[in-house]
Each structure stands twice: as C-alpha cells, then as structure tokens.
Amino acid sequence: MIKEFIATGKTLEEAIANAKAGLNAPEKFELDVHIEVLEQPRKKILGLFGGADAKVKAVYDDGVKEKKASKKQNKKNKSAAKQADKKAEPKNKAQQQPKKAEQQKKAQKPAQPKKDDAPKKEKDYPASVDLDYAKNYLGEIIKGLKVEDAKIDATYEEGVINIELDCEDYGIIIGRRGETLDSIQYLLSLAMKKNSGSYVRVSINVGNYREKRNETLRHLASKNSQYVLRTGRRYTFEPMNPYERRIIHTAVQEIEGVESRSIGYNQDRRVVIEPEGGVKPRQNRGRGSKGGAKSAAVTTKPADYTPKKDRADLPKYGKIELNKE
C-alpha cells in the first residue's frame with residue numbers, strides 16, 4: 001500500500017526532514033522513501049511581505065496490499081444491478097424476440113467445433129524445466145512464512161523462470177531491502193538445479209517490487225553521478241547483489257563524465273562511481289599573490305636573534321599617572 005505525507009518548512013532541508021518524520025517509515029523502508037518537491041521556498045520581498053515555505057511529499061510502499069471489497073458487498077451490488085436491469089426491460093417482450101426466419105437460418109448453420117476439441121500446443125520450454133515443481137516448492141516456503149491466499153504463476157522465457165507472486169501481505173516476503181526475497185529466489189534456483197540436473201535462472205517478483213526497486217536504483221545512480229560531477233570525488237554504494245549492481249552500471253553508462261566499477265568480495269561487493277580517468281589529486285595553494293606553495297613555519301631561533309629590551313624612560317607595566325591638579 002502506498003503511504004505518503006506532505007510537510008512544509010522554511011527551507012527545503014527542513015521540509016524534507018518534517019516529511020520523513022511525519023511519514024514515520026520503518027527502518028527497512030528508509031532507502032525506498034521517495035521525496036517529491038511540490039513547492040520551492042520563496043523569500044519575502046524587502047523582508048516584509050510575500051514569500052512562502054517549501055513544500056515536499058514523502059512516499060513509500062509498505063508492502064501491504066489494499067483489501068478488496070467483501071463477498072457480501074459484491075453480492076449486494078450484483079443483486080441491485082439485476083433489479084435495475086429488470087426495471088429497464090421494455091414491457092413489450094415481442095420486440096425482444098428474434099424473427100422465426102432468423103431462427104431457422106441459425107438452425108441450418110453447421111455446428112462449429114468447440115475450442116476444447118482443438119489440438120493442444122506442446123510446451124515451448126525444455127523438459128528439464130518443471131514449472132509445477134517450482135510453484136509447489138515456493139508454495140511450501142510461503143506457507144512457512146504464514147502468508148495465506150497466495151497466488152503463484154510461473155512462466156519460462158529466454159532461459160529464465162519468471163514467477164509472479166500475488167498475496168495480501170507481501171512485505172514479509174520482500175524483507176529488509178529485498179534480502180528475504182533474494183534468499184528465497186536463491187533457494188528456489190538451487191532446488192531447481194537439484195531437481196533437473198542443470199542450472200536454470202529464477203526470477204521472483206511480488207507486488208511489482210522489481211520494477212519499483214529498478215526505478216529507485218536508477219534514481220540513486222543519477223543523483224550520485226551528479227554529485228561526482230559537481231565535487232570531483234568518488235561515491236561508494238552499500239553492498240548489493242549482482243542484479244542491482246548491473247542496474248547501477250547500466251544507468252551510469254548513460255551519463256557523460258562519470259564511470260563505475262565494482263569493488264569488494266562476496267557479500268561485501270559494491271559499486272563505486274568516480275569521474276572519468278579517476279579522481280585527480282588536489283593541489284594545495286598558499287596565500288601568496290601568485291598562488292605559490294605555503295612557506296614552512298619557523299620553529300627555531302635564528303642565529304643573530306637578540307631579545308628586545310624595555311626602554312628606561314617608560315614604565316615597566318604601563319602605569320598610568322593621574323593628573324592631581
């Protein structure tokens with residue numbers, strides 16, 4: 001379910017902070033919170049009148065599907081619709097009956113074969129790919145998570161088993177930053193490999209999470225690429241799985257002036273964005289007029305140093321004598 005909160009503030013940063021506080025998103029959805037700027041702050045004219053606060057909207061999906069109308073309500077709506085149709089029927093039923101000649105023509109037409117009699121198409125995927133096994137295995141995992149009334153649909157396309165999962169509370173299946181969903185997907189791929197004897201890639205999608213996560217990652221790649229272009233520094237993401245790293249690399253390739261690479265090992269592998277050609281070292285400039293190097297500080301006394309002596313005609317402590325006149 002999509003949740004949102006609109007807040008205002010004197011500055012854009014204050015409005016964003018108020019919106020996040022009012023939204024009160026759980027910790028596992030903090031990175032999925034999307035900020036939309038509705039109004040930019042405007043200063044007062046001459047500091048007296050006019051002006052407006054910044055206005056932003058914070059949005060995130062909590063992973064809970066909206067409840068549908070109950071069956072009793074649907075039955076009431078259907079019965080009301082039938083009564084309305086009966087009232088709308090014309091009193092003259094003779095006008096609704098078809099003519100006898102048309103009925104005879106329809107009777108003379110040969111009966112068309114039913115669709116069920118048509119030859120069944122053979123499945124367009126290898127025999128080693130057992131979609132029923134994949135659905136049953138995933139169903140057992142979902143039962144263990146105590147998720148009820150889950151609908152599972154599996155298809156095979158271009159060497160990938162795509163599974164669409166529909167349920168009421170899909171936040172439990174997705175988990176924090178998609179970690180639970182990735183773990184279930186990995187377990188299912190191992191089970192399919194053991195069952196068929198050959199590796200097959202598995203992709204599980206629930207509540208359009210993959211599409212939403214794809215959009216979030218592309219937004220983060222664009223935002224942090226602009227930071228790298230503006231500051232000349234590199235930016236390092238948090239550890240990600242290969243699928244998410246591939247999305248970041250693809251998005252960065254479309255932006256001129258920056259490049260991306262992966263660092264780290266195993267679960268700690270992450271993406272780094274930096275300027276093309278690498279980060280250039282900074283040059284320290286002194287305060288001289290020509291921008292030369294800053295002179296080193298003097299820490300030892302020179303050889304010809306002589307301490308200054310106080311003048312004899314001046315008071316030692318700067319005593320002030322008052323005029324007694």
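**S225 and its helix**

S225 lies in helix α7, residues 209–231. Helices here are DSSP runs of H or I, at least four residues, numbered from the N terminus. This is a predicted model: local features need pLDDT of at least 70, side-chain atom pairs count only at pLDDT 80 or more, and totals for chains, interfaces and linings use all residues. Residues are numbered from 1 along each chain as its sequence is written, and side-chain values use heavy atoms, with hydrogens and water left out.

Is S225 buried or exposed? S225 counts as buried because its relative accessibility is 0%. Buried means under 20% relative accessible area, exposed over 50%, partly exposed in between (1.4 Å probe, protein chains only).

What does S225 touch? Leaving aside neighbours within four places in sequence, S225 is in contact with V252, I255, V258 and I273. Contact means heavy atoms within 4.5 Å.

Now the helix pair. The axes of α7 and helix α8 (residues 242–253) come within 9 Å and cross at roughly 45°. Axes are lines fitted to C-alpha atoms, for helices over the stretch in contact, and angles run from 0 to 180 degrees between N-to-C directions. α7 and α8 are therefore oblique. Angles under 35 degrees count as roughly parallel, over 145 as roughly antiparallel, 65 to 115 as roughly perpendicular and the rest as oblique.

On the α7 side, the contact includes L217, A221 and S225. On the α8 side, I248, A251 and V252 are among the residues.

Technical notes: Helix = DSSP H or I, 4+ residues; strand = E, 2+ residues; numbered from the N terminus.
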